[in-house]
Amino acid sequence: NPVDLAASRMHSARFRLVAQQVFSRPPALVTQRLRRRCQAANGLSWSEARFDGATVTLPDAIELTSFAAQLDNVMASVRNANRKGVWMRVPLSQGGVLPLAAAHGFRFHHAVGESAMLLAWLPEDEPCPVPDFATHVVGVGGMCINERHEVLVVQERRAATTTSQGSWKLPGGLVDLAEELDVAVEREVLEETGVRSRFKSLLALRHQHGAAFGRDDAYCVCLLSPLSAEIRACEREIAAAAWLPLPEYYEGTKATSARQGVEENFNAFVARNVIAAAEAGNLDGAAIGLAAREMPAPKGYLPGVTGLTNRETYRLYSGFH
């Protein structure tokens, strides 16, 4: 039958082409790809990650009775491929795999929302270079000064320490994820005092260690100009809010410094220098400190790469022009 003969020849030609493509590859590559296909069919697979790493992907449904054997096979494949750091995201709904993953050296790297990211560092003769997750908590304080050189201050209902309870402080709080510093400080001032304001410059940054959740703390004091004057303090968080003359606020920071056992704390340092700038007339002209500038972002964004961003622009805070 001519039709059957033609089909048979076409099938043979395809078989020879596939055989040439497979056996012309390095044996290790063929084995690796076959393993990945088998692993994917079984529900557990891995793919290459940056810096000689690997990412293990969990299926939507897991049978714990077979997961241990699957993970054994996957980790053997990862080791044979000479990968180093192995990542695995585990949702809350699949938390039963955690003890099995721990047996392979996986440890918590971070957790966000409804999933935890695990990391296993495989080389025994190399220290793990992967940085800790979220090393810093970033906060902002707004030094909002009006034309009469009065600064907007608040008293917290529950201060962080007994030495600062009842003291006047700058309104502020933590920066949200993906929020700009200037946007954050304007938002915090509005939430705590009801006063609308405009960012002028970054005055000072304090860097401390051992803050919330054991993270380091970066606290930025920003100079603001008010766009409104009426105070509507947040009753849930704020006991009192007021416009104080700068010298009066400075005296309060010095009193708090004494209660804290230091000659001059961070707030007193900033207040003293802002008063000097006000006396020199610098608050009414060009902003002191570091001004914010919108910069075009480099092209070619890659998730997790330092120096790149998932937005078209980024903020630069600088005293240069």
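Modeller: Rings of Phe, Tyr and Trp (its six-membered ring) pair if their centres lie within 6.5 Å; planes under 30 degrees apart count as stacked, over 60 as edge-to-face and the rest as tilted. This is a predicted model, so local features need pLDDT of at least 70, side-chain atom pairs count only at pLDDT 80 or more, and totals for chains, interfaces and linings use all residues. Residues are numbered from 1 along each chain as its sequence is written, and side-chain values use heavy atoms, with hydrogens and water left out.

Colleague: How many aromatic pairs does a search of the whole structure find?

Modeller: The search covers the whole structure. The number of aromatic pairs is two.

Colleague: What kind of pair do Phe-199 and Tyr-317 form?

Modeller: Their ring centres are 5.9 Å apart. The planes meet at 75°, so the pair is edge-to-face.

Colleague: How many residues apart are Phe-199 and Tyr-317?

Modeller: Strands are DSSP runs of E, at least two residues; helices are runs of H or I, at least four; both are numbered from the N terminus. Phe-199 sits in strand 9 and Tyr-317 in strand 13. The pair links distant parts of the chain, 118 residues apart.

Colleague: Are Tyr-219 and Phe-266 buried or exposed?

Modeller: Buried means under 20% relative accessible area, exposed over 50%, partly exposed in between (1.4 Å probe, protein chains only). By that scale, both Tyr-219 and Phe-266 are buried.

Colleague: What is the phi of Ala-134?

Modeller: Most residues other than glycine have a negative phi. Ala-134 lies in the loop between strand 5 and strand 6. Ala-134 is not a glycine, yet its phi is positive, about 50°.
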